[in-house]
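Trainee: I am new to this structure and would like to know how its descriptions are reached. Please take me through them.

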Amino acid sequence: MKDHGRSTTKRTGGRRRSNHKKRKHELGSSPTETRVGDRKLKFVEARGGNTKVRAIRDDTASVATPDGETVSAEIENVAENESNPNYVRRNIVTKGAVIETDEGRARVTSRPGQDGQINAVLLEE
């Protein structure tokens, strides 16, 4: 288990010795790669007794239209993803990804792996 605590190296190059063991809130986790498919959520404990909702799979998005309305749209597939070109082939939705919906192409503005929902803004074409 790798922790994401303070660096063990000082800026002078010396070593910083740990004054406590690993804590649960310092644990890292692998990224949640939200796929396009039937809705499946996972609830994860976060620091302070809070919970995060991770979207493992989702097939609907809340799409904001240019006239200010929000409609629920069916996701067809991922068209572009600047964070990783391989995510397009694997239909993985992340923030900033361009998805094709039944309303048109939309850019994802939420973080599905953190929020558990997909919010998007319709693109003008």
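**Strands, sheet and surface**

Mentor: A64 stands opposite T70 in β5. This is a predicted model, in which local features need pLDDT of at least 70 and side-chain atom pairs count only at pLDDT 80 or more, while totals for chains, interfaces and linings use all residues. Residues are numbered from 1 along each chain as its sequence is written, and side-chain values use heavy atoms, with hydrogens and water left out.

Trainee: What makes β4 and β5 a pair?

Mentor: Two strands pair if DSSP finds at least two bridges between them. Strand β4 (residues 60-64) and strand β5 (residues 70-80) have 5 bridges, in the antiparallel sense, so they count as a pair. The two form a hairpin with 5 residues between them, and G68 in the turn has a positive phi of about 90 degrees.

Trainee: Which strand does β5 join through 4 bridges?

Mentor: That is strand β7 (residues 98-101), running antiparallel to β5. I75 has T101 in β7 as its bridge partner.

Trainee: How do you know that β1 and β3 pair?

Mentor: Strand β1 (residues 34-36) and strand β3 (residues 51-58) run parallel and are joined by 2 bridges, and at least two are required, so they pair. V36 has D58 in β3 as its bridge partner.

Trainee: In what order do the 4 strands of the open sheet lie?

Mentor: The order is β2-β3-β1-β6, with mixed pairing. β2 (40-45) and β6 (92-93) are the edge strands, each pairing on one side only.

Trainee: How many helices and strands does the protein chain have?

Mentor: There are 2 helices and 9 strands. Both kinds are DSSP runs numbered from the N terminus: helices are H or I with at least four residues, strands E with at least two.

Trainee: Why is L27 called partly exposed?

Mentor: Buried means under 20% relative accessible area, exposed over 50%, and partly exposed in between (1.4 Å probe, protein chains only). L27 has 37% relative accessibility, so it counts as partly exposed. L27 is in the segment before β1. Of the 125 residues of the protein chain, 26% count as buried.
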